[in-house]
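Please consult it alongside the sequence and coordinates.

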2 protein chains.
Amino acid sequence: MGNVFLNLRDQDEVKEIIESLKIHKKIEKIDLSDVYQRILAEDIYTVIDLPPFDRAAMDGYAVRAQDTFGASEDNPLSLDLIEKLGAGDVPLKNVAKGKCTEVGTGAPIPEGADSVVMVEFTNVEDETVQVHEAVAPGTNVSTQGSDMKKGEQILSEGSLLTPEKIGALSAIGMSKIPVFSKPTVAVISTGNELIKPGQELKHGKLYDINSETISNAVKACGCTPINSKIVKDDYDSIKNKIYEFKDVDIIITSGGTSAGAGDVLRQVVDDIGRVLVHGISVKPGKPTLIGTLPEGEGDIILFGLPGYPVSALMIFNTFVAPFLKEIAGISGSDQKKESLTLKLSRRYHSARGRSHYALAKIKGNTAIPILKDSGAITALSEADGYFEVPKNVEIIEKGEKIKLIPFSNL
Amino acid sequence: MGNVFLNLRDQDEVKEIIESLKIHKKIEKIDLSDVYQRILAEDIYTVIDLPPFDRAAMDGYAVRAQDTFGASEDNPLSLDLIEKLGAGDVPLKNVAKGKCTEVGTGAPIPEGADSVVMVEFTNVEDETVQVHEAVAPGTNVSTQGSDMKKGEQILSEGSLLTPEKIGALSAIGMSKIPVFSKPTVAVISTGNELIKPGQELKHGKLYDINSETISNAVKACGCTPINSKIVKDDYDSIKNKIYEFKDVDIIITSGGTSAGAGDVLRQVVDDIGRVLVHGISVKPGKPTLIGTLPEGEGDIILFGLPGYPVSALMIFNTFVAPFLKEIAGISGSDQKKESLTLKLSRRYHSARGRSHYALAKIKGNTAIPILKDSGAITALSEADGYFEVPKNVEIIEKGEKIKLIPFSNL
């Protein structure tokens, strides 16, 4: 019991240690229809011109522009209609001098023609088209390659695949898309008192909260969680459970709150891997552990979170989430991570000597601190986000400005 | 050919018509592990107290507070240790006068005890505990129901299920969660010129873009897209395809650009349902069609988007997306829909008489308009969002402020 192993580190030092961690990034090719919100793993260049051929931009008649020179409302010129093309048709006839082809929007421009007279400026009788307007070459034609030329880069490695960007992949006909594999994250709750939701609640037991909060927060970071059964708080149970996850990139444990539990995890990681951090100078979340396990291709990285749900999620958000997003490839993406500047609704006392993460609710342009302890799950479901009180600050006065990091932006 | 059917309506009028549309909301019960980003369909009340029993908040000794009165560093009092409890254990013995039970954090407080003396303020020898500090009743105890009382409401119908809110559901032990079923949306691209990505590109053909942009945008609105094969631009093909989707809530078609295609869809909807809107006074996207089909339990709602990818997605974003979010239950959620106020990087000309949606890229605090026609897919993949030019405005000067709606916020 006690904190004999704890060697408290400053939060900035811990962030540096985490930033230095690496996992082996994998790439997979997946179907275009499955790429939404995935991260592109290569720069993409188009292998075709776009449009791939000269297209009619309007309904009308494909002509040689010079055949229309001099045409006007008062002085229409006559052209012979030789063919009719809709979008998707293939021209069979060349447009020679004095000839024209009817084209719907999107139809290919036949050989010989260089422009389209809009249908509004024509009259048709039998096979003869009266043209009432002169056009310049190129008029009402989307020329081949005018949008993108073969060989041009259209998307960059690391792009978050939004509907618009998926549209660009469709446009060039790609059906298998190289994306970064989602890192896999085992999520393990430890604690003799814990049972899974849905089971009968006996005296002395609590429903496990962390498995669900952490695994869903893992999803939000672009990673794939693998939920474990609950593990008893003893050396062998924890060690055996860790050995079950040889193929994951990350293992996240939380809890338990039983006596000396933090030390048991510490002993396991000491024995089978390497402890990098045990103890962070923050509140809540002091007994956090970070280590590496030489199990996989590279090391598996282990984060040991505290057992209290609020503490576990705050430590996850502050230290683990940025790392997961980085390795998932979404940290540089379009995702928002901005804080909101709000006025504090009341005086707030903090503990000196440790950085403090304080939950708060947004109301208008004020932040209302939630004054519940970190065992209270209602604190989490009521909070819109949190603000940080630096370790040398003891009191923030009512009305002072704080920077709230909304959960929805994490 | 031509727009004989078009009866242009103002965009506000169209928005009102769409707001009046209804679909039959369905509810389903799904596993707790699958509820991330779903919408809660009922108010949730806890059926247990939280914590469900009096718990030790610290490692130490459960005592009768009055047995410690008078204890101090200089004057320790002795208590008999009768039992040891960790989290998850069940007490077998009552703490009578002069007795105490060792408790780990999270362990239940035994009958008779009302407070916990922290381990730091004790010494133990054999079965005797020396207490160096007096405690008041309730000290270091999380009392039953102090976080939530049985019967209290913990979440509201319509809540977006974030990790924090899923934590609250876990805390009360719920394993099957009532959520709104995701509305189903058939997405149909029409056009004789279109082929699916991955196929060989023959002359006159184009890769279908709208199926992917629209179906992924549908996902972003909390609905389930069902992607159709490409449909030829003729009456029977379109009608038969629409009849294939009898069980969806919404059908979205786009295109094609071949002559008179808009009219064919119009004829189909006129014959088998009811046309509500055909033609909106906006640019791009004028020939948009909205109708209802009496196929399902209620009506199926049909949106006929233009064929050009930029036009289709802008009309989707402006008119369809808010409706889909509404029926999916995510419109009132925490999702952000704010616009950014930016300075225009250059003078911008618009067409008078129609509301104009202009694509733009964000650079610092300026918006750079993307001056490409609505056939250019690069316009979409380069744009960060769009701004609206009202129909009575022809020119926005360089440096004037505009409100950009980022795609990422849609």
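In this predicted model, the contact between the two chains draws 74 residues from chain A and 74 residues from chain B. Several elements of chain A each supply at least two residues to the side that touches chain B, namely strands E11 (153-155) and E15 (206-207) together with helices H2 (163-171), H3 (210-220), H6 (309-328) and H7 (377-382). Helix H2(A) gives the most to that side, with eight residues.

**Interface composition and symmetry**

- On the side of chain A that touches chain B, 36 residues are nonpolar, 27 are polar and 11 are charged.
- In general, two copies of a chain are related by a rotation about an axis and a shift along it.

- In chain A, six strands form an open sheet of mixed pairing, in the order E7-E4-E6-E5-E9-E8.
- Strand E7 (115-118) and strand E8 (122-125) of chain A have a single partner strand each and stand at the edges, so one side of each is left without a neighbour in the sheet.
- From one strand to the next, the twist of this sheet averages 40°.
- Strand E4 (residues 60-63) of chain A runs antiparallel to E7(A), and four bridges join the two.
- Val63(A) has Ser115(A) of E7(A) as its bridge partner.

**Strand pairing around E22 of chain A**

- Strand E22 (residues 340-344) of chain A pairs with strand E28 (residues 401-406) of chain A in the antiparallel sense, over four bridges.
- Within that pairing, Leu404(A) in E28(A) stands opposite Leu340(A).
- E22(A) also pairs with strand E25 (residues 366-369) of chain A, here in the parallel sense and over two bridges.
- The bridge partner of Lys343(A) in E25(A) is Thr366(A).

**Helices H3 and H6 of chain A**

- H3(A) and H6(A), which both contribute to the side of chain A that touches chain B, pack with their axes 10 Å apart and at an angle of about 20°.
- Angles under 35 degrees count as roughly parallel, and H3(A) and H6(A) are therefore roughly parallel to each other.
- Their crossing is right-handed.
- From H3(A), the contact is made by Asn210(A), Thr213(A), Ile214(A), Ala217(A) and Val218(A).
- From H6(A), the contact is made by Pro309(A), Ala312(A), Leu313(A), Phe316(A), Ala321(A) and Leu324(A).
- The contact of H3(A) with H6(A) has nine nonpolar and two polar residues, and no charged residues.

**Helices H3 and H6 of chain B**

- Helix H3 (residues 210-220) and helix H6 (residues 309-328) of chain B pack at an angle of about 20°, and their axes lie 10 Å apart.
- This angle makes H3(B) roughly parallel to H6(B).
- H3(B) passes H6(B) in a right-handed crossing.
- H3(B) brings Asn210(B), Thr213(B), Ile214(B), Ala217(B) and Val218(B) to the contact, while H6(B) brings Pro309(B), Ala312(B), Leu313(B), Phe316(B), Ala321(B) and Leu324(B).
- By class, the residues of the contact of H3(B) with H6(B) divide into nine nonpolar, two polar and no charged.

**The sheet E16-E13-E17-E21-E20-E18 of chain B**

- Six strands of chain B form an open sheet in the order E16-E13-E17-E21-E20-E18, with mixed pairing.
- Strand E16 (224-227) and strand E18 (274-278) of chain B are the edge strands, and each pairs on one side only.
- The twist of this sheet averages 20° from one strand to the next.
- Five bridges link strand E17 (residues 250-255) and strand E21 (residues 300-305) of chain B, which pair in the parallel sense.
- Gly304(B) in E21(B) stands opposite Thr253(B).

Technical notes:
Residues numbered from 1 in each chain as written. Chains lettered and ligands numbered in written order. Predicted model: local features only at pLDDT ≥ 70, side-chain atom pairs only at ≥ 80, totals over all residues. Pairing = 2+ DSSP bridges. Axes fitted to C-alpha atoms, helices over the stretch in contact; angles between N-to-C directions. Contact = placed C-beta atoms within 7 Å. Nonpolar A, V, L, I, M, F, W, Y, C, P; charged D, E, K, R; others polar. Parallel < 35°, antiparallel > 145°, perpendicular 65-115°, else oblique. Left-handed = near helix turned anticlockwise from the far one by under 90°.
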